[in-house]
Amino acid sequence: MRVRCPRCQTWTDFSPVNRWRPFCSDRCRTADLGAWGREDFRLPARPPQDEDADDLLG
Ligand SMILES: [Zn+2]
C-alpha cells in the first residue's frame, strides 16, 4: 500500500518497514509535528477582562 506523504506529497510505503509513515522521512514527520506545535501558540488567549466581568456579575 502506498500513500502520499502529507508533508511533501511524495509517494511512500505505508507499511511497518516505513517507520515514518504516513510521512516519507524523518524530516517530513518532524516538520509536520513542528507545524502542529506552532498552531498551539496561535490559540487565542482569553483576555483577563472576562474574569473581571464574571466577578462583577456574581
Ligand atoms: Zn515527505
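Does Cys-28 count as buried or exposed, and what is its relative accessibility? We come to that in the second view of this predicted model.

**View 1. The zinc ion and its four protein donors.** Welcome to the metal site. The zinc ion has Cys-5, Cys-8, Cys-24 and Cys-28 as its protein donors, each through its SG atom, and these lie 2.3 Å from the ion. Along the chain, the donors follow the spacing C-x2-C-x15-C-x3-C. The arrangement is tetrahedral because the angles that the four donor atoms subtend around the zinc ion run from 106 to 118°, and four donors count as tetrahedral if all angles lie between 85 and 135 degrees. For comparison, the ideal angle for four tetrahedral donors is 109.5 degrees.

**View 2. Cys-24 and Cys-28, two of the zinc donors.** Here is the reply to the opening question: Cys-28 has 8% relative accessibility, so this residue counts as buried. The cut-off for buried is under 20% relative accessible area. Cys-24, with a relative accessible area of 27%, is partly exposed.

**View 3. The cis peptide bond between Arg-21 and Pro-22.** Take a look at the backbone here: omega is about 0° for the bond that joins these two residues, Arg-21 and Pro-22. Pro-22 sits in the loop that runs between β2 (11-13) and α1 (26-41).

**View 4. Gln-9 and its positive phi.** Gln-9 is a residue other than glycine, yet its phi is positive, near 65°. You will find Gln-9 in the loop between β1 (2-4) and β2. Its relative accessible area is 43%, so Gln-9 is partly exposed.

Conventions: Residues are numbered from 1 along each chain as its sequence is written. This is a predicted model: local features need pLDDT of at least 70, side-chain atom pairs count only at pLDDT 80 or more; totals for chains, interfaces and linings use all residues. Side-chain values use heavy atoms; hydrogens and water are left out. Donors are N, O and S atoms within 2.8 Å of the metal (3.2 Å for Na, K and Ca); water is not among the atoms, so sites may look incomplete. Four donors count as tetrahedral if all angles lie between 85 and 135 degrees; four count as square planar and six as octahedral if opposite donors are over 155 degrees apart and all others between 65 and 115; anything else is irregular. Buried means under 20% relative accessible area, exposed over 50%, partly exposed in between (1.4 Å probe, protein chains only). Helices (H or I, at least four residues) and strands (E, at least two) are DSSP runs, numbered from the N terminus.
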